[in-house]
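Please keep the sequence and the three-dimensional view at hand while reading.

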Amino acid sequence: MRLRVAGADVVLGFPDPARYDAAHPYLGVIAGRFANRIAHGRFELDGRRYALPCNDGAHHLHGGADGFARRLSRAERDGNAVRFRLTSPDGDQGYPGALAVEAVYSLSDDDALRVDLRARSERATVVSLASHVYWNLRDGGGTSILDHELTLEADEYLPVDAQGIPTGEIRPVRGTSFDFTRPAPIGERIAEAERAALRGGYDHCFVLRGSGLRHVARVFEPSSGRALEVETTQPGLQLYSGNFLDGSLTGHGGATYRRFHGLCLETQDFPDAPNRPQFPSTRLEPGTEYLRTTIYRIVSPS
């Protein structure tokens, strides 16, 4: 993916499309079948236990080592939209049910980017799809995002253990380093967040207010004056501060992607939801459509 505003890159990515075939930290991809983590790569559905490959230490991440992020989809152009399709067979990465998946990227008349994620399964399964874009509104990844100011429509978040697995609790953000109910720089309390979870920074899911398509986040970059507005139908948002970018990747414009040079706002279902009945269900029944929508809108200074 590449997005430019007034000649400046605002997302991380590679100038050579072939580079996406090699290993990379999910730059601009659709994560699935299940975005984020499933503890120990196991879950139970209708009394049957399923085992998934563990590609994040002892846990399953973003659909496994051969998840959707590594697949080449069929692409179709339709006016201002591009439609990507793929089929995941029954048993793919351990998941039940053949799954037909569609991701549609479309531009509105006011240049908002809309991402519609759809899926249908032939049998009961679990699904969580997410757009994994890394944002840097200043220069597309050449410098830090710690001074980007973030506002989230979220009064609660999911605490995690040192391996990024939710503890099952849902905690208020008030009075913690996870409180972005008012604008705050990403770096203002990031050291406190790191001490709280040993994740190197922010890598946590926030419980979004409301339901349906609604405004959930705003990011403001002070030096350029650019802002990003996010709307979604998803129940959660994974805030990831690019903790594991290590300087080994070179992207658009020759930028070197180092720690804290990219910010992910992954609208998604809750991580490890198949093992947490207190979380919103990620079960998809046969004959039922999974549909999630996220809209990104860049606001430039006038």
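The model is a predicted one, in which local features need pLDDT of at least 70 and side-chain atom pairs count only at pLDDT 80 or more, while totals for chains, interfaces and linings use all residues. Residues are numbered from 1 along each chain as its sequence is written, and side-chain values use heavy atoms, with hydrogens and water left out.

Strands and helices are DSSP runs numbered from the N terminus, with at least two residues (E) for a strand and at least four (H or I) for a helix. Two strands pair if DSSP finds at least two bridges between them.

Strand 19 is joined to strand 16 (residues 154–158) by four bridges, and the two run antiparallel. Glu156 has Val207 as its bridge partner in strand 19, and Ala154 has Leu208. Strand 19 is also joined to strand 22 (residues 236–240), by five bridges and again in the antiparallel sense. There His204 stands opposite Leu239 of strand 22.

**The nonpolar cores**

A nonpolar core is a set of buried Ala, Val, Leu, Ile, Met, Phe, Trp, Tyr and Cys residues joined through side-chain atoms within 4.5 Å. The largest core has 47 residues, of which Leu129, Phe180, Phe206, Leu239 and Leu265 touch the most other members. Apart from it lies another core of 15 residues, including Ile38, Phe43, Tyr50 and Phe279. Which residues does Leu239 touch, leaving aside those up to four places away in sequence? Among them are Leu150, Phe180, Tyr202, Phe206 and Leu265, where contact means heavy atoms within 4.5 Å.

An open sheet of nine strands has the order 8-9-10-11-27-21-20-15-18, with antiparallel pairing. Strand 8 (74–78) and strand 18 (184–185) stand at its edges with a single partner strand each, so one side of each is left without a neighbour in the sheet. Strand 10 (residues 99–107) has seven of its nine residues buried, so it is largely enclosed by the rest of the structure.

| Strand pair | Bridges | Facing residues |
|---|---|---|
| Strand 9 (residues 81–88) and strand 10 | Eight | Thr87 and Ala100 |
| Strand 10 and strand 11 (residues 113–121) | Nine | Ser106 and Arg114 |
| Strand 15 (residues 149–152) and strand 20 (residues 214–221) | Four | Thr151 and Arg218 |

The hairpin of strand 10 and strand 11 has five residues between the strands, and Asp111 takes a positive phi near 65 degrees in it.

**Loops and backbone angles**

Gln93 is found in the loop between strand 9 and strand 10. Gln93 is not a glycine, yet has a positive phi of about 55 degrees, and its relative accessibility of 18% counts as buried. Phe260, in the loop between strand 24 (256–257) and strand 25 (263–268), likewise has a positive phi, near 70 degrees. Phe260 is buried, with a relative accessible area of 11%.

Glu188 and Gly47 lie 46 Å apart in space, C-alpha to C-alpha, and 141 residues apart in sequence.

A cis peptide bond, with omega about 5 degrees, joins Gly32 and Arg33. Arg33 belongs to the loop between strand 3 (29–31) and strand 4 (37–38).

Technical notes
Buried < 20%, exposed > 50% of the residue type's maximum accessible area, 1.4 Å probe, protein only.
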